[in-house]
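Me: I have a structure to go through with you. Can we take it piece by piece?

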2 protein chains.
Amino acid sequence: MKPLFLLTNDDGYQASGLSTLIDIARGFGDVVVMAPEKNASGQSHSFTVDYPLYVSTVVKEQGLSVHYCNGKPVDCVKLGVEHFCSRRPDMLLSGINHGSNSSINILYSGTMGAALEAATIGIPAIGFSLLDHSADADFSKSVPFVSAIIDTALKHSMPIGSALNVNIPAMGSDKPKGIKVCRQSRASWLEAYNKVDDEQGRECYLLAGRFQCDDNGQGTDQWALENGYVSIVPITTDFTDTDSLRKTRRIYESII
Amino acid sequence: MKPLFLLTNDDGYQASGLSTLIDIARGFGDVVVMAPEKNASGQSHSFTVDYPLYVSTVVKEQGLSVHYCNGKPVDCVKLGVEHFCSRRPDMLLSGINHGSNSSINILYSGTMGAALEAATIGIPAIGFSLLDHSADADFSKSVPFVSAIIDTALKHSMPIGSALNVNIPAMGSDKPKGIKVCRQSRASWLEAYNKVDDEQGRECYLLAGRFQCDDNGQGTDQWALENGYVSIVPITTDFTDTDSLRKTRRIYESII
């Protein structure tokens, strides 16, 4: 039986990164797309609490159906798996995102929120991102890498609760040098908001932000991307800081 | 110098869980509150991309200022640290949430999104949640535990990029038996959406959801809470699945 893929993203169902991913996935099996109607960047793992979700279907043919809804990437995974896949999907693919989700950006990312949501229900998941924010980014040099990674993921099981965070450098006319499997770099977003006056002279705060990463040594995703490699970080839905579990136990268990 | 606390939550600035946390924090130092105007549950680590944030100040007195804004919990941390604290806060406290953020719930939680945001910029952070969703939940039996945990956190450093996820069982007239430091349980939310017809007869999907957790043995946060203990899970902003890093490297690095 052909594999069944559920696809989503956070840039919206019309984004060219998603079109590229659909084309690649169709080479391997059947595809169901459930994506947000509009751009839902920065939605992280949030879900829709307070209004009903409506779904529209734009393509329905042999081996491919494309739907969009007024929800967020995490909603799309839940809805897609439960109501729009004929059977449990073999894999969730999210992206290809327009812009980086390396390092700490994964925390904010709707693309990666979707991948982690699939991981919570035991569906192998991969989020793909190209380091080019523009709507007309050139995804062509990503294709062989995305394709090889999906092919490999179909052949090798992934631990339950885990997913892959794949970032692809945008290198102009060059193609990436290869693949590096990495740990996530530590980083911060600083100077997040600029204080300005709105048109009525009222004080308000506009999103700005400066990415600061000093953790870009070999073995990190930042190093890989800065040196022309595709980065793969295996990620988990388990946020436990296992390194400090024992020390935290010693400090806190007897305080009251 | 007295410690400076930044407080936020995801239930909104008028929630009684936040009032309780303000009262406790004032016993230790100065307090700045920046909270969402309205309930922002389920907002995870999302942030506001597409509109300006406006801030209102409702309390401004010696040692306490209370502000709210039209943003999300993560926005509140960014705004609070950059524009409303007289100096870098010594600690971020988030909550006390009305409802559980144990196990996989941490992924969706705005309360814990705020704590993790502070962790990304190196500010020690604790998220507190009481396992009672009701607006008039009784926080009184939480107070000694919250207070002891803050007191201890002020005396012991936390690793940069880490935070604490504290959940408190709601036990009617009994008080929690003590504190257990735990790892995060694996779990899933299933049957997320019910398909129904809206008032115009149009198909739509309403949020439902059934929590399924089979990972509740000793050492997990689910075990602690089900057995009457306050759970503390040390958490990290590093999502790398370090256990599968080596295997993933062996599989993927040479595929292309």
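Me: Which residues of β7(A) are buried on one side, and which on the other?
Reply: This is a predicted model, to be clear. Ser162(A), Leu164(A), Val166(A) and Ile168(A) are buried on one side of β7(A).

Me: How many bridges join β6(A) to β7(A), and do they run parallel or antiparallel?
Reply: Five bridges, and the strands run parallel. β6 of chain A covers residues 125–130. As one pairing, Leu130(A) has Ile168(A) as its bridge partner in β7(A).

Me: Over to chain B. What is the strand order in the sheet there?
Reply: β3-β4-β2-β1-β5-β6-β7-β13-β8. That is an open sheet of nine strands with mixed pairing. The edges are β3 (55–61) and β8 (179–181), each pairing on one side only. Neighbouring strands are turned by 20 degrees against each other on average, direction ignored.

Me: Which helix of chain A packs on that sheet?
Reply: Helix α6 of chain A, residues 245–252. In chain B, α6(A) touches β7 (162–168), β8 and β13 (230–236). Its direction makes about 165 degrees with that of β8(B).

Me: And α4 of chain B, which strands does that helix lie across?
Reply: β1, β5 (91–98), β6 (125–130), β7, β8 and β13 of chain B. Helix α4(B), residues 143–155, runs at about 170 degrees to β6(B).

Me: What about α1(B), which of its residues are buried?
Reply: Gly17(B), Leu18(B), Thr20(B), Leu21(B), Ile22(B), Ile24(B) and Ala25(B). The helix covers residues 16–26. Its buried residues pack against β1, β2, β4 (64–69), β5, β6 and α4 of chain B.

Me: How many bridges join β1 and β2 of chain B?
Reply: Four, with the strands running parallel. β1 is residues 4–8 and β2 is residues 30–36. Phe5(B) has Val31(B) as its bridge partner in β2(B).

Me: New topic. How many residues are in the largest nonpolar core?
Reply: The count is 80. Ile235(A) and Ile235(B) have the most contacts inside it. As background, nonpolar side chains tend to be buried together in soluble globular proteins.

Me: What is Ile235(B) in contact with?
Reply: Leaving aside neighbours within four places in sequence, its contacts in chain A are Phe239(A), Thr240(A) and Asp241(A). In chain B they include Ile106(B), Met112(B), Leu116(B) and Gly161(B). Ser162(B), Ala163(B), Leu164(B) and Asn165(B) are also in contact with Ile235(B).

Me: What rotation superposes chain A on chain B?
Reply: A rotation of 180 degrees, with 0.0 Å of shift along the axis and an RMSD of 0.0 Å. The two copies are thus related as by a two-fold rotation axis. Also, 100% of the interface residues of chain A are interface residues in chain B, so the copies meet through the same surface.

Me: Why does 3.8 Å leave Cys76(B) in no disulfide?
Reply: Because a disulfide needs the two sulfur atoms within 2.5 Å, and the nearest one to Cys76(B) is 3.8 Å away.

Me: Is Cys76(B) buried or exposed?
Reply: Buried, at 0% relative accessibility. Cys213(A) is buried as well, at 18%.

Me: Now Thr111(B). Where is it?
Reply: In helix α3 of chain B, residues 110–120. Thr111(B) is buried, at 0% relative accessibility. Beyond four places in sequence, Thr111(B) touches Asp10(B), Ser94(B), Gly95(B), Asn97(B), Asn101(B) and Phe128(B). Its C-alpha is 7.8 Å from that of Ser41(B), 70 residues apart along the chain.

Me: Last one. Where does Ser100(A) lie?
Reply: In the loop between β5 (91–98) and α3 (110–120) of chain A. Ser100(A) counts as partly exposed, at 24% relative accessibility. Not counting residues up to four places away in sequence, Ser100(A) touches Asn105(A), Ser129(A), Leu130(A), Leu131(A) and Asn167(A).

Notes. Residues are numbered from 1 along each chain as its sequence is written. Chains are lettered from A and ligands numbered from 1 in the order in which they are written. Side-chain values use heavy atoms; hydrogens and water are left out. A nonpolar core is a set of buried Ala, Val, Leu, Ile, Met, Phe, Trp, Tyr and Cys residues joined through side-chain atoms within 4.5 Å. Buried means under 20% relative accessible area, exposed over 50%, partly exposed in between (1.4 Å probe, protein chains only). Contact means heavy atoms within 4.5 Å. Copies are superposed by least squares on the C-alpha atoms of residues with pLDDT of at least 70 in both. Two strands pair if DSSP finds at least two bridges between them. Helices (H or I, at least four residues) and strands (E, at least two) are DSSP runs, numbered from the N terminus. Axes are lines fitted to C-alpha atoms, for helices over the stretch in contact, and angles run from 0 to 180 degrees between N-to-C directions.
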